[in-house]
Amino acid sequence: MEMLSLYQGRNYVQLDELARLLGFPGKLGMDGSKVWEAYQSGKIDDIRKYCETDVANTYLVFLRFQLFRGVYDEARYRKELERVRDTLGKSKDDHWREFIGRWS
């Protein structure tokens, strides 16, 4: 985010908002402000799912950034997106099915 915001705090945008703006799923279930409460309630699996989908959103935003910077061409970008979809699609975890279902 530092690079995307040109190191200016006023240009900062939440990962959820940026991911959804780019057509990716964004946050599922909880956001970072709920992690401590979930931990105290013993909802470790919910925290794991939150963290995993955060990482996936971050990677998808990174891929788009690489496309914008010209590091990836359109073909490589599409191939990487397909790789992510295929990998997540093989999981039996419900949160990945929801994630893929929300991915436009």
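1. S104 touches G23 and R85, when residues up to four places away in sequence are not counted, a contact here meaning heavy atoms within 4.5 Å. S104 sits in the segment after α5, and the C-alpha atoms of S104 and G23 are separated by 5.4 Å although the two residues are 81 residues apart along the chain. S104 counts as exposed because its relative accessibility is 70%; buried means under 20% relative accessible area, exposed over 50%, and partly exposed in between, with a 1.4 Å probe and protein chains only.

2. A word on the basis of these values. This is a predicted model, in which local features need pLDDT of at least 70 and side-chain atom pairs count only at pLDDT 80 or more, whereas totals for chains, interfaces and linings use all residues. Residues are numbered from 1 along each chain as its sequence is written, and side-chain values use heavy atoms, with hydrogens and water left out.

3. The chain has five helices and zero strands, and from the N terminus on its elements run α-α-α-α-α; helices (H or I, at least four residues) and strands (E, at least two) are DSSP runs, numbered from the N terminus. Of the 104 residues in the chain, 34% are buried. The accessible surface of the chain comes to about 7,100 Å², and 52% of this belongs to carbon and sulfur atoms, the areas being computed by the Shrake-Rupley method with a 1.4 Å probe. Among contacts in the chain with a separation of 6 or more, 54% are between residues 24 or more positions apart.

4. Helix α3 covers residues 44-69, and its 26 residues should span 38 Å at 1.5 Å a residue, which agrees with the 37 Å between its end C-alpha atoms; the expected span is 1.5 Å times one less than the number of residues. After α3 comes G70, whose phi is positive, near 85°. F62 is found in helix α3 and counts as partly exposed because its relative accessible area is 36%. The C-alpha atoms of F62 and A19 are 10.0 Å apart in space, while the residues are 43 apart in sequence.

5. Two packed helices are described by the angle between their axes and the distance between the axes. For α3 and α5 the angle is about 35° and the axes are 10 Å apart, where axes are lines fitted to C-alpha atoms, for helices over the stretch in contact, and angles run from 0 to 180 degrees between N-to-C directions. The crossing of α3 and α5 is right-handed; a crossing is left-handed if the near helix is turned anticlockwise from the far one by less than a right angle, and right-handed if clockwise. R48, K49, E52, T53, A56, N57 and L60 of α3 make the contact with H95, W96 and F99 of α5. By class, the contact of α3 with α5 has four nonpolar, three polar and three charged residues, with Ala, Val, Leu, Ile, Met, Phe, Trp, Tyr, Cys and Pro counted as nonpolar, Asp, Glu, Lys and Arg as charged, and the others, Gly among them, as polar.

6. Helix α4 (residues 74-89) and helix α5 (residues 94-102) have axes that come within 9 Å and cross at roughly 145°, and α4 passes α5 in a left-handed crossing. R85, L88 and G89 in α4 meet W96, F99 and I100 in α5. The residues of this contact divide into four nonpolar, one polar and one charged.

7. S91 lies in the loop between α4 and α5 and touches W96 and R97, not counting residues up to four places away in sequence. With a relative accessible area of 21%, S91 is partly exposed.
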